[in-house]
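Please read them with the structure open.

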Amino acid sequence: MTYSVAVSGASGYAGGEILRLLAGHPDIEIRTVTAHSNAGQPLIQHQPHLRSLAHLTLQDTTPEILAGHDIVFLALPHGQSGQYTDALGEVPLVIDAGADHRLTSRESWDAFYGGDFHEPWAYGVPELPVDDGKQREVLRRATRIAAPGCNASTVSLSLAPGVAAGVIDPSDIVAVLAVGPSGAGKSLKTNLLASEILGSANPYAVGGTHRHIPEIRQALLAAGADDVRISLTPVLVPMARGILATSTAPIVDGVTDAEIRAAWENAYGDETFVQLLPEGQFPRTADVIGANTALIGLAIDRAAGRVTVVTAVDNLVKGTAGAAIQSMNLALGLPEDRALSLNGVAP
């Protein structure tokens, strides 16, 4: 069976990456692409790397144009998806790459985003440990999916195995992330100009203000935490793509080194796209660019009494578009890895 697809926000980074991956999917027909200010222009003008989609023209983003497809992807800025999702009730599968349907708590939404609160959808990170197994089991029956925030899913994948196994204390998490500016989208902002980023590292959303904090808390609570307290500091660095997240948490008293490592081995030993590296090895962002892969390095710092987890992902693939398509495959009953690469691009 071939599924018809519409992608909104198709002129942006997330929308473009969704299209790049879908273009190689044998079960998908990309029928419609939409935008706002760029409507009426050829897609290839804004996504010149998508040569196989040169025949498509960006249309207006309206419920009427998005309706009538088997699958709709919404790759819109936060706070904009909700105005469309209520009108897409007849679409069999809708996947939101924005934040509008990620959070279960209205209070958290009000505190970190503001505006209208929309119902939470199935969270699109299949490998995440949850109380009764893995999140993929929820996605297998989903018709509405919220793709994750890239920073949030990276930290959550880093620490959820330790939380689920009870070997780390989630009430004292510290995470520092080196991130590429593509995660902020294509909008023109002074702090994202090349002249501001090249040769510099720039922290942002410091002091508990980053919008992905409640998403991380939600994921770790679902993994079995009683309480989650996290200090999250992202730092913009001069690479177009990628996240390198260094997350630490205290070791629970009485837990052995073997039990700690086993928590991550048991969680991800059978996973395709989330891989724990051999002891003493740590990932580079260069190894995951273009891939739907999260590579994890684990260190046990007994002097500090903490576990350190270093995780690398491509923020536009495993962090966003790849997670969305992996979740789509599950919801459609297709092979989970269809159209998704395990291999990065090097050099």
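1. Which residues lie nearest the centre of the largest pocket, and how many residues line the largest pocket? In this predicted model, the lining comprises 46 residues, and those nearest the centre are P77, H78, G183, A184 and G185. The volume of the largest pocket comes to about 1,200 Å³.

2. Among the helices, α1 (13-22) and α7 each contribute at least two residues to the lining of the largest pocket, and α1 gives the most, with three residues. When the lining of the largest pocket is divided by class, 24 residues are polar, 18 are nonpolar and four are charged.

3. The second largest pocket has a volume of about 330 Å³. Its lining is made up of 20 residues, of which Y13, P181, S182, G185 and K186 are the closest to the centre of this second pocket. By class, the second largest pocket is lined by eight nonpolar, eight polar and four charged residues. G185 deserves a look in both places, being listed among the residues nearest the centre of the largest pocket and among those closest to the centre of the second largest pocket.

4. The residues that line the largest cavity are G124, V125, P126, S153, T154, L157, V313, K318 and A323. Both α7 and α11 (317-332) supply at least two residues each to this lining, with the largest share, three residues, coming from α7. The lining of the largest cavity has five nonpolar, three polar and one charged residues.

5. The packing of α7 is the last point. The axes of α7 (residues 150-165) and α10 (residues 257-268) come within 8 Å and cross at roughly 110°; because angles of 65 to 115 degrees count as roughly perpendicular, α7 and α10 are therefore roughly perpendicular to each other. The crossing in which α7 passes α10 is right-handed. On the α7 side the contact is made by L157, S158, L159, P161, G162 and A165, and on the α10 side by A263, W264, A267 and Y268. These contact residues divide into eight nonpolar and two polar, with no charged residues. L157 links two of these points, as a residue of the contact with α10 and as one of the residues lining the largest cavity.

Conventions: Residues are numbered from 1 along each chain as its sequence is written. This is a predicted model: local features need pLDDT of at least 70, side-chain atom pairs count only at pLDDT 80 or more; totals for chains, interfaces and linings use all residues. Side-chain values use heavy atoms; hydrogens and water are left out. Axes are lines fitted to C-alpha atoms, for helices over the stretch in contact, and angles run from 0 to 180 degrees between N-to-C directions. Helices (H or I, at least four residues) and strands (E, at least two) are DSSP runs, numbered from the N terminus. Angles under 35 degrees count as roughly parallel, over 145 as roughly antiparallel, 65 to 115 as roughly perpendicular and the rest as oblique. A crossing is left-handed if the near helix is turned anticlockwise from the far one by less than a right angle, and right-handed if clockwise. Contact means heavy atoms within 4.5 Å. Ala, Val, Leu, Ile, Met, Phe, Trp, Tyr, Cys and Pro count as nonpolar, Asp, Glu, Lys and Arg as charged, and the others, Gly among them, as polar. On a 1 Å grid over the protein atoms alone, a cavity is a set of points where a 1.4 Å probe fits but cannot get out, and a pocket is an open set with protein on both sides within 12 Å along at least five of seven lines; lining residues have an atom within 4 Å of a point. Grid points are joined across faces, edges and corners, and a volume is the space filled by probe spheres set on the points.
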